[in-house]
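Hi everyone, thanks for coming. Let me put the structure up on the screen, and then we'll walk through it together.

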Amino acid sequence: MNLQHYIGGEHVPSVSGATFTALEPATNEEYLTVSAGQAEDIEAAVAAARKAFTEGPWPKMPAQQRAGILRKIADAIEKRDDEIAALECRDTGLPITQARGQAHRAAQNFRFFADVITTLGEDVYRVASAQLNYVIRKPIGVAGLITPWNTPFMLETWKLAPALAAGCPVILKPAEWSPLSASLLPAIMEEAGVPAGVFNIVHGIGEEAGAALVAHPDVPIISFTGETTTGQIIMRNAADNLKTLSMELGGKSPLIVFDDADLDRALDAAVFGVFSLNGERCTASSRVLVQDTVYEEFVRRFAERASRVKVGAPNDPATELGALVHPEHYARVMEYVQIGIDEGARLVAGGSRPDDLPVGNFLSATVFADVSPKMRIFQEEIFGPVVCVTPFSTEEEALELANDTRYGLAAYLWTNNLRRTHRLAQQIESGMLWVNSQNVRDLRTPFGGVKASGLGREGGKHSIDVYTEAHIVHVATEDLPIPRFGAS
């Protein structure tokens with residue numbers, strides 16, 4: 001199979017003819033050839049998108065009309081639900097049951113933002129009877145969308161839906177490790193009636209295609225999801241053109257369990273929170289902090305549950321933990337397992353490849369106990385099915401441990417003490433906090449992190465804010481006084 005770029009409504013190879021190959025995570029066999037975009041391909045995509053912005057109907061289209069097209073996109077996605085899930089499963093190593101959920105969520109993203117733009121009002125400020133001031137939301141221009149490899153199709157739609165809803169033509173740069181499911185988007189867009197040039201894809205390596213997109217002066221907004229080091233590079237490269245940036249970066253999210261919590265539900269949340277999506281999720285609860293009075297019981301039960309997590313072929317409906325996305329990433333995760341052992345953490349589950357899976361990027365659900373905050377496995381993002389469990393005694397110690405990393409994306413708190421909940425909610429350094437719940441998203445709420453976990457917020461009207469400029473109009477309804485310089 002050969003994937004080409006999609007620019008100005010046409011499938012095209014790279015100008016240079018360059019390509020790269022993608023690997024199937026379950027076997028590490030090459031199965032896909034992909035056009036490798038470079039600066040000249042980004043230039044062509046920007047020209048198409050810029051023409052769609054300045055000459056095309058999309059930015060000027062009434063919100064109701066754009067919303068109708070977004071709903072048709074959602075319908076087209078739902079028709080391909082099984083195909084999307086199958087491609088995602090093969091391309092990323094995600095278990096097929098979890099890949100199906102991602103496809104459903106992708107359609108939901110488009111329907112949600114169709115509703116947002118048809119219900120979102122604009123601000124008006126009246127100054128007595130003398131002046132009327134109102135705010136117009138104007139699409140910011142061509143949007144550069146750089147997406148990650150872990151749940152690619154859903155996260156592509158999470159950016160595409162609000163950018164298109166706001167009236168921006170887009171250039172999507174999918175992750176090079178999992179480009180396959182994005183190949184369905186051109187047909188979906190055409191079927192829904194998206195005008196040529198409004199939606200474009202340029203595949204390629206981040207250091208080439210991604211860097212060219214970030215540097216291009218006619219792309220005023222970059223939305224990026226990925227790891228923190230790459231986000232820092234993007235921020236530096238975007239500085240010359242003072243671009244708007246929205247970046248969801250790394251995480252090392254704590255799940256805090258007090259001894260008054262419902263331990264059964266907290267255990268369910270802890271196991272799901274770090275082992276679902278193969279542990280390759282930025283909001284994974286990869287640090288579990290447990291009060292010392294229930295610590296040993298919780299560790300024992302956690303290890304038992306982890307040892308029963310079904311590791312297997314991604315396309316097997318019984319699989320709960322599939323193959324990690326790429327051999328390079330697999331090697332990195334396995335290196336962290338060895339680091340944890342060398343640092344003296346107690347390995348209570350997993351830590352190795354299952355015996356019945358001799359090829360592919362498979363790792364058993366791995367649990368380290370007695371992890372101290374000085375250990376690298378406590379501090380650094382592993383992005384795989386590896387979790388650290390650490391004891392604490394007091395509320396103050398729990399808070400100190402929760403905040404003792406450079407990251408601050410998500411946090412999870414399990415307690416039945418209402419006062420404690422509100423105290424900690426105001427002090428935990430994270431963009432998002434779930435109390436007595438796993439990661440259940442409300443699409444209306446702001447999504448994003450603090451510290452090294454990113455900048456900006458997306459979700460609901462916050463996403464529309466990212467892709468629009470606020471244009472303020474001041475209208476005098478009476479003759480306001482004007483100082484008469486030079487009149488005397």
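Let's begin with a term: a contact here means heavy atoms within 4.5 Å. Among contacts in the chain between residues at least 6 apart in sequence, 73% join residues at least 24 apart.

A word on where this comes from: it is a predicted model, where local features need pLDDT of at least 70 and side-chain atom pairs count only at pLDDT 80 or more, while totals for chains, interfaces and linings use all residues. Residues are numbered from 1 along each chain as its sequence is written, and side-chain values use heavy atoms, with hydrogens and water left out.

Now, overall dimensions. The C-alpha atoms fill a box of roughly 85 × 55 × 40 Å along the principal axes.

On to secondary structure: the chain has 15 helices and 21 strands. These are DSSP runs numbered from the N terminus, helices being H or I with at least four residues and strands E with at least two.

Which strands form the open sheet? Seven do, in the order S15-S16-S17-S14-S13-S18-S19, with mixed pairing; strands pair if DSSP finds at least two bridges between them. At the edges sit S15 (346–349) and S19 (432–435), each pairing on one side only.

Finally, S13 (residues 254–257) and S14 (residues 287–291) run parallel, joined by four bridges. Leu255 has Val288 in S14 as its bridge partner.
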